[in-house]
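User: I'd like to learn how to read a structure like this one. Could you walk me through a few features?

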Amino acid sequence: MVLTSTFTPRNFREQSERASHDATLRAVLDHATRYFMGKRGAALEAFADRDTHFARARSARLTALSRLPDLLEQLERSASAAGTKVHWAADAAEGRAIVTGIAKGCGAKVVVKGKSMVTEEIALNPALEATGAEVWETDLGEFIVQLAGEPPSHIIAPCIHKSRADVAALFREKLGLADLSDSASIPELTLLARRALREKFLAADLGVTGVNMAVAESGSVILVENEGNIRMSTTCPPVHVAVMSLEKVVATLEDAADLLRVLPRSATGQKMSSYVSVLTGPRRADELDGAREAHLVILDNGRSEVLADPVLREALLCFRCGACLNSCPVYQTIGGHAYGSVYSGPIGALLSSLLLPAEDTRDLPFGCTMCGACKKTCPLGIDHPNLMLRLRERVCAGKPHFIGAAHAFLASHPLAYRLAVGAARAVDPRLDLLPRLPGLPSGLASFVESRQPPGLKSSFSAQLRAGRKKQGGA
Ligand code: SF4
């Protein structure tokens, strides 16, 4: 995995600290995440037999992961039979080389792109630009962050961190719209972006998109969106490249339908997205539109290793609805950029820890309150807290753990336990002094620094005595 911004997961602590003090960011995030959660809640309320549909969606994803090598080979066969050229990329560098090779091969001067986290993951845009092509993100949110020179900060809402006034200021500067007011409405801003992009679609030589699902039995790629930009990116240019991470395969169209019933409801609170494109090979002789040349790039980039872990592979069930981000108190406080990776929030902390080098991501699994809101929200039933714990174990493996060791000692030595707790009760029952104790081991110091200890209650026997006294007195 490759990063494209000045934020890095290595600096997660500092970046989170800074973001958590940004009142404007917090207000924007609060508004946006509430909005998404509200829409999702209403959609799920009206979703008859919701649990059955969730179970079917999880089952489709579990089937895909359990048969992944076979399904990918089947996908290659059926997509090739439909006329799609299938490419395999072991890592980000290979992924970039394949797509830039296609761009050079068709002499691409203008490339239009649909929103795709996996192309962000492999830092495709700079590589395409290095071939001399203009590259345009055509999803409104992606277009905005591209103009701002920023990475996306949410899986489905890339510019969630920007206010309407921020976007107006950006358009004034980057689109030469000096008269644009800060109070421009969202429809007005959308229209301006649309005008700027329309000519790019018409001039494009190459369209690049991600893949929501790829169907092994038919060789189709399925793309879900609300703006029509993906449909334009896949039908206007003569060449289309779809880039998928390998876990996006599903066995059958029926499995895809099971996922499509759940994905839009969980992502944007819609029964169905405005556009669902099912592309099976390039344009046929009797068809009016569509790319004349279709490519599918299947990217591994570390996922095979994740798949080999019987517990952590669960993270690969994710179909990127983004709901766990909206429900997460940490994401609501710090937003997406602080994670320093294209994937943010609970699922982002997991995926980044699994796909990026361990030394860069050691703090990510600790940026979690273990409240379980993500697990409760996830329509695929991914147990994020359990996976976080597993990653924490990995990070701490082989290291002396002061708190754990001290606890183990006290728990196995009753006299020492009574003495330590008795002394603390006598001197500092609310544990206010604890963070200020000199010479505290660094692990414990940072632990107590960022937490308010709950204080010590009186001992059980003292509570019992007090209770009896009260009863006797009553
Ligand atoms: S982990 Fe679950 S809730 Fe989060 S983005 Fe993936 S599917 Fe959606």
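Predicted model: local features only at pLDDT ≥ 70, side-chain atom pairs only at ≥ 80, totals over all residues.

User: What is the strand order in the open sheet?

Analyst: Some ground rules: helices (H or I, at least four residues) and strands (E, at least two) are DSSP runs, numbered from the N terminus. Two strands pair if DSSP finds at least two bridges between them. Here 4 strands line up as β8-β5-β6-β9, with mixed pairing. Because β8 (249-250) and β9 (275-279) each have a single partner strand, they stand at the edges, and one side of each lacks a neighbour in the sheet. Helix α12 (residues 253-268) packs on the sheet and touches β5, β6, β8 and β9; contact means C-beta atoms, placed from the backbone, within 7 Å.

User: How do β5 and β6 run, and how many bridges join them?

Analyst: They're antiparallel, with 3 bridges between β5 (residues 213-215) and β6 (residues 220-225). V215, for instance, has S220 in β6 as its bridge partner.

User: Is helix α8 enclosed or open?

Analyst: Count neighbours: a residue is buried if 20 or more other C-beta atoms lie within 10 Å of its own, exposed if 12 or fewer, and partly exposed in between, with C-beta atoms placed from the backbone. In α8 (residues 140-148), 7 of the 9 residues are buried, so the helix is largely enclosed by the rest of the structure. Among them are F143, I144 and V145. The cover includes β3 (134-137), α9 (164-174) and α10 (186-203).

User: At what angle do α16 and α18 pack?

Analyst: Axes are lines fitted to C-alpha atoms, for helices over the stretch in contact, and angles run from 0 to 180 degrees between N-to-C directions. For α16 (residues 345-355) and α18 (residues 384-396), the angle is about 35°, with axes 10 Å apart. The contact uses P346, I347, L350 and S353 of α16, and H384, L387 and L391 of α18.

User: Which residues are closest to the ligand?

Analyst: A residue counts as near if its C-beta atom, placed from the backbone, lies within 6 Å. Of the 13 residues surrounding the ligand, the closest are C318, C321, C324, I347 and C378.

Notes
Residues numbered from 1 in each chain as written. Contact = placed C-beta atoms within 7 Å.
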